Structures are given as C-alpha cells and as structure tokens.
Amino acid sequence: MSGPASPSVRPLEELSLDEIQLADPDLWKRPEEVIEGALCTLRRERPVSFHREFGHGDLIKQGPGFWALTRYEDIERVSRDPDTFRAGSGISIWDFPPEMASSFHHMGNEDGAKHTRLRRIVSRAFAPKVLAHLSEIIAEEARDIVDRVIDRGEVDFVSEVGGRLPVRIICEMIGIPEEHHEFVYRKSDVAIRVADPAYLLGSGNVEQTFGEIATAGFELAVLLQQLSAERIKTPGDDILSLLMNSG
C-alpha cells in the first residue's frame with residue numbers, strides 16, 4: 001500500500017504487529033514517523049497481512065476486511081496476474097458508498113476483457129503525431145510555470161509547479177479545453193485525496209471530508225459528461241473522443 005518512507009521522515013516502529021490495523025482512523029491520526037514505522041514493520045515481518053474494517057456511522061459500512069500488500073515486489077506480481085487477482089471490487093482500505101464508488105472507478109480498477117478493451121482503445125491516443133504534439137505542450141507548460149514563479153523567490157512547489165504540469169498533460173490527452181484546466185486542477189486536487197487514508201481517516205470529521213471529496217468528484221464527472229456529448233458530435237484525436245466513438 002505504500003512505498004519507502006520519505007528521506008525526511010525517520011520511521012518510528014513503536015506499534016506491535018497486532019496493534020497495526022490499516023483501516024483504523026486512529027492509526028492515521030498518529031505522527032507521520034509512526035505511520036511509516038508501522039508500514040516498515042509490516043514489510044519486514046508480515047508483508048501480506050489481513051486487516052479488519054472499521055465502519056463510520058451510516059457513511060461507511062463495516063466490511064468483511066481486506067488483505068494488504070506492503071512490498072513493491074508483491075504489488076508488482078499481483079498487478080501482473082489478473083487471472084488470480086482482481087481489482088474490480090475496489091483497491092482502497094474502505095468500502096465506498098455505491099453512489100460514490102461509481103464516481104471514482106477508473107480503468108485501473110477493471111478486470112479481464114473490459115480492462116483489455118479499454119487499454120486497447122486508449123493506446124490509440126499514443127500515436128506518434130499525438131505524442132509529438134504532447135511533447136510541445138509539455139515544453140510550453142514547463143516554460144510558463146517557470147516564468148510564473150522565477151521572480152517570486154519562494155513558492156509552494158506542489159501547488160505552483162508539481163501539481164499543475166501533470167494536470168495540464170492529462171487535460172490535453174483526455175481532450176479537456178484550456179478554459180476548464182484551472183477548474184480541473186482545483187477539483188482533482190480535492191478528489192484525489194480519496195486515496196489518502198491519512199487525510200481522510202485522520203481529518204477528524206470523516207463525514208465532512210467525504211462530502212467535500214464526493215462533491216469534487218461529482219463536479220468533474222458532470223464536466224466529462226458534457227464534453228463526452230460534444231465529442232460524439234465532433235470527435236478529435238483525444239482519449240475522450242476515442243472512448244465515445246469506439247463502437
């Protein structure tokens with residue numbers, strides 16, 4: 001579930017194996033070094049571990065539990081063996097409410113023939129002429145980002161640099177017009193936190209945090225529905241056009 005600890009975090013292994021429950025909100029409220037220490041303990045002593053689930057009132061029902069992989073090699077092997085393992089039922093440490101699960105489902109969570117079909121369609125968006133155009137866009141956006149921050153002296157790297165470049169690239173590949181890029185950046189910054197247990201379970205108000213994330217996901221879904229309808233009428237070379245007109 002997690003990679004190696006950040007170089008700036010010194011893992012503190014103060015929890016025993018039996019005290020480590022990855023779905024327990026109290027774990028994710030602990031200091032970062034304790035969380036990293038718990039993951040280090042799991043990787044070393046119990047790299048494949050079963051964890052019980054915790055419910056959160058009416059929002060998240062208590063499920064049957066889940067298996068967690070904490071070593072890269074195991075995650076890689078499972079990811080390459082769809083005949084034995086499946087992702088379609090979800091890959092997070094909590095069970096989303098059904099109406100929320102559909103908004104955050106993606107190609108990486110599909111199994112078997114459906115995943116293969118989607119991957120075949122999306123691969124067409126990586127034709128040489130498309131990649132050449134994308135290369136130009138990346139260079140242009142990188143220059144613009146540097147020009148915006150170079151004279152400031154100090155900036156928040158994540159919000160001003162690190163987060164904006166990949167969002168611009170993804171928008172270009174999907175086919176989202178430039179006037180929507182800032183909206184997508186702001187909403188995706190919230191929605192992506194659905195995969196961050198430290199943010200969600202350690203927030204102190206799970207219901208409110210879930211609501212903010214769900215709203216952001218819904219607003220992004222509405223935008224994509226509108227653009228999808230346009231691409232059916234006027235297709236282009238982007239991924240959205242390919243998906244909407246694949247037959």
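**A strand pair and a helix pair**

Start with strand β2, residues 66–69. Phe66 and Ala68 make up its covered face. Trp67 and Leu69 sit on the uncovered one. Keep in mind that this is a predicted model.

What does β2 pair with? Strand β1, residues 48–51, through four bridges. The two strands run antiparallel.

Now the loop between β1 and β2. Gly63 is found there. Gly63 and Arg52 are eleven residues apart along the chain. Their C-alpha atoms are separated by 7.9 Å.

On to the helices. We describe two packed helices by the angle between their axes and the distance between the axes. Here the pair is α6, residues 128–149, and α8, residues 164–174. Their axes come within 10 Å. They cross at roughly 150°. Over 145 degrees counts as roughly antiparallel, so α6 and α8 are roughly antiparallel to each other. The crossing is right-handed.

Who makes the contact? From α6, the residues are His133, Leu134, Ile137, Ile138, Glu140, Glu141, Ala142, Ile145 and Arg148. From α8, they are Arg164, Leu165, Arg168, Ile169, Glu172 and Met173. By type, that contact divides into eight nonpolar, one polar and six charged residues.

That's my tour. Questions, please.

Key: Residues are numbered from 1 along each chain as its sequence is written. This is a predicted model: local features need pLDDT of at least 70, side-chain atom pairs count only at pLDDT 80 or more; totals for chains, interfaces and linings use all residues. Side-chain values use heavy atoms; hydrogens and water are left out. Axes are lines fitted to C-alpha atoms, for helices over the stretch in contact, and angles run from 0 to 180 degrees between N-to-C directions. Angles under 35 degrees count as roughly parallel, over 145 as roughly antiparallel, 65 to 115 as roughly perpendicular and the rest as oblique. A crossing is left-handed if the near helix is turned anticlockwise from the far one by less than a right angle, and right-handed if clockwise. Contact means heavy atoms within 4.5 Å. Ala, Val, Leu, Ile, Met, Phe, Trp, Tyr, Cys and Pro count as nonpolar, Asp, Glu, Lys and Arg as charged, and the others, Gly among them, as polar. Buried means under 20% relative accessible area, exposed over 50%, partly exposed in between (1.4 Å probe, protein chains only). Two strands pair if DSSP finds at least two bridges between them.
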